[in-house]
Amino acid sequence: MAISADPIEKRPRTLQDALFESGIPQAWLGTLAATFLGLLVLGHVDRPNLLWPVSGIALALCLPHWQRGWGKRIRLLVGSASGFWTAAVILGMPWRLAALLSILTCIDIVLGGWALSPAVKTFEDLKDERNILTFLLAAVLIPLVTGSLGAYPVAIFLKLPPSQTLLMNVMGNSLGIAACMPLVLLLRSGDWLGLDKLRRDNERQGGQERDKLRIAAAATFFVAVSVFVFWQQTNPFLFMVFPPMILLILTMGLEGSVLSSVALSVIGWFGTMHGHGPVMLAKGTPMHQFLIFQGFVWISLATSLPVGALIDERRRAEHRAKESESIYRVLLQNADDLIVLSSINGESRYVSPAVTRLSGWTQEEYLAMDRFDTFHEEDQEMAREAVQKIRAGSGEQTIQYRMREKSGGWKWVRAVVRAYGVEGEAIAGYVGTIRDISGEKQIEEIWSRERQGLVTEKRQMAALASTDSLTGLLNRRGFEEQVEVLKRRGSFPVSLLMVDIDHFKRYNDRYGHLQGDSCLTQVAQVLRSHATRTNDIAARLGGEEFTVVLVGAGLQDALRVSEAMLSVLRSVGIEHGASPFGVVTMSVGAAVHASGDLDIEQLMAQADSALYLSKRTRNRVTAYSQQAELARA
């Protein structure tokens, strides 16, 4: 069964929705309230103001939305200007002057948005040292611009000298931005009185309660001292407010700076307006005393705000450091690899808990040993060289060594060592990541044995492929390979003997092939026993045909060796009833290559020609000559 649902009906967009999304109501209400505060509570429409809150409050309301484009900015400016104009006219200010001051307020907002909006949108942004300094600079320069533009009209309205009006306007507007903008951002953030901040910075309930009591005590102490200073009028005790202010700032950070500055302004203004406080001891006109108090409040703001921002920045850095340390500690405790952290001289070291799993030592036992004593004696020099390379600036070293185990054995490990330290300074130490490679070493040993076996097997197969299986001499393929080696070595002179067993077919016919194989084997032994030098070659070319290569032998040496072979074979006395000699004999043809490139085919052909002559009479040796060639022809 299909289930259907009616779509949610979309509520039509109303004019009220559009107005609130545009930001006009918030800006209008905020500026309206700030204007009433400035003209009714902190001053009067026809008297100078200690602190002008309008620009600071309007700027705080507009900054979070300033980066959304000029459409949004213009709506915010319209709301702010109309709110100020409405309140000022209601309180009796001439509409032309109200319009001029509305325009000046908009100029304050535009200049402040241009200077601050890229970096400052929330109260937390003011906790950056660079941002708070930029904010204080803007709180001075912006009022200088707008105060200069409005000084003359306001002076006419208040009937005061333009110079005094200029100074009063600049100081009041500057104090309003410096005090009210951070206060509004703080109220918007929700960190009221720093309680949310306490929950973030202190997870323990008991720690929160202690911090609340400490804040309450510091705030009470500051208010009490401020009330005492600004209610008495016999001593110049202005300086007494700074110690409790610093105490409150140390307790709360930038929140304490903002709240103490605002509280000091309110308490001081109330006392001064009623003829109390150290400012009243200053000689001069009431305007002079008024300006002195403004200067004191501004100095307290300019002092407390950067200090509060620096304290918060340091606390955030400490919090991040503790958080990072906690994360790294958890990672180290759960890492399978052993992590070793050591200063370059080895005096300060740390090892992760994985050391127990890897070596059997506890962390304390491992650290009690000298760092090089954990290495096998044969590997210690390698470890010292790796540390020296790290000290010399090599960023990373990888070594394999045997680690000492608590059980008395040794375990193969691989260590990747990396240097650490402040950039531009000497290497402070190194971090080593150590991994168990015992299994890899066992596999390597197995592979090594298998490779060695394969190499041996390959050599054996190569030997079988190049060796005559019956006689053990080289076969034709082996003979050709050795000749190629001989050519590369260039050892000369070279003598080549072509050998043939006399009447071997008759021998086979009479004694059978098994006996014939035995005869071939014995002849091969005779030939091998006379090819004794390193590079000499003895090979069976096929059937009863053999060859012997004597390296470094001239013709006389070749004839001498050949005669010796014939003599030894006769002395062996292999019976051969079908031969006129009664025993097995052989015939030899000898040829000599004296110098130049070795042409083995030509040399074999020459020896074969000489062998042809020997076989005419059998059991003899013949050296190659032109006559032998002619005789064969």
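Predicted model: local features only at pLDDT ≥ 70, side-chain atom pairs only at ≥ 80, totals over all residues.
Start with the inside. The largest nonpolar core has 74 residues. Those with the most contacts inside it are L116, L126, F135, M181, F230, F296 and L305. Helix α7, residues 162–189, gives the most to this core, with 10 residues.

Take F135 as an example. Setting aside neighbours within four places in sequence, F135 is in contact with L116, L126, I177, A178, M181, P182 and L305. There is also a second, separate core, with 29 residues. Among its members are L497, A553, M565 and L566.

## Cysteines without a bond

How many disulfides does the model have? The count comes to zero. C62 is in no disulfide, and the nearest cysteine sulfur, that of C106, is 8.6 Å away. A disulfide needs two cysteine sulfur atoms within 2.5 Å.

## Strand β5 and its partners

Strand β5 covers residues 429–436 and pairs with β1, residues 338–343, through six bridges. The two strands run antiparallel. In this pairing, L338 stands opposite I434 of β5.

Strand β4, residues 410–420, also joins β5. Here there are eight bridges, and the strands again run antiparallel. V416 stands opposite T433 of β5.

## Helix α18: two sides

Helix α18 spans residues 504–511, and its buried residues are F504, Y507 and N508. Why do they count as being on the same side of α18? They cover an arc of only 95° around the axis, and this puts them on the same side. They pack against β6 (494–501) and α19 (513–530). On the other side of α18, K505, D509 and R510 are exposed.

Now look at what flanks the helix. H503 is in the loop between β6 and α18. Phi of H503 is near 55°, a positive value in a residue other than glycine. H503 is buried, with a relative accessible area of 13%. After α18 comes G512, whose phi is positive, near 95°.

Strand β7 covers residues 537–542. Five of its six residues are buried, so β7 is largely enclosed by the rest of the structure. Its partner is β8, residues 545–551. The two strands pair in the antiparallel sense over five bridges. A539 stands opposite T547 in β8.

The hairpin has two residues between its strands. In this hairpin, G543 takes a positive phi near 55°.

## S587 and its surroundings

S587 lies in strand β9, residues 586–593. Its relative accessible area is 0%, so S587 is buried. Residues up to four places away in sequence aside, S587 touches M498, V499, D500, D502, L611, S614, K615, R618, N619 and R620.

S587 and L566 are 21 residues apart in sequence. In space, their C-alpha atoms are 7.8 Å apart. L566 is also one of the residues of the second core.

N619 is found in the loop between α21 (600–617) and β10 (621–623). R618 lies in the loop between α21 and β10 too. What does the side chain of S587 reach at 3.3 Å? It reaches the backbone nitrogen of N619. The side chain of N619 makes a polar contact of its own, with the side chain of R570 at 3.0 Å.

N619 touches D502, L566, R570, F581, T585, M586 and S587, not counting residues up to four places away in sequence. N619 is buried, with a relative accessible area of 17%. R618, at 23% relative accessibility, counts as partly exposed. The cut-off explains the labels: buried means under 20% relative accessible area. R618 also has a positive phi of about 70° although it is not a glycine.

Conventions
Residues numbered from 1 in each chain as written. Heavy atoms only, no water. Core = buried A, V, L, I, M, F, W, Y, C linked by side-chain atoms within 4.5 Å. Buried < 20%, exposed > 50% of the residue type's maximum accessible area, 1.4 Å probe, protein only. Helix = DSSP H or I, 4+ residues; strand = E, 2+ residues; numbered from the N terminus. Contact = heavy atoms within 4.5 Å. Polar contact = N/O pair within 3.5 Å; in protein donor to acceptor, adjacent residues only side chain to side chain. Pairing = 2+ DSSP bridges. Arc of directions from axis to C-beta.
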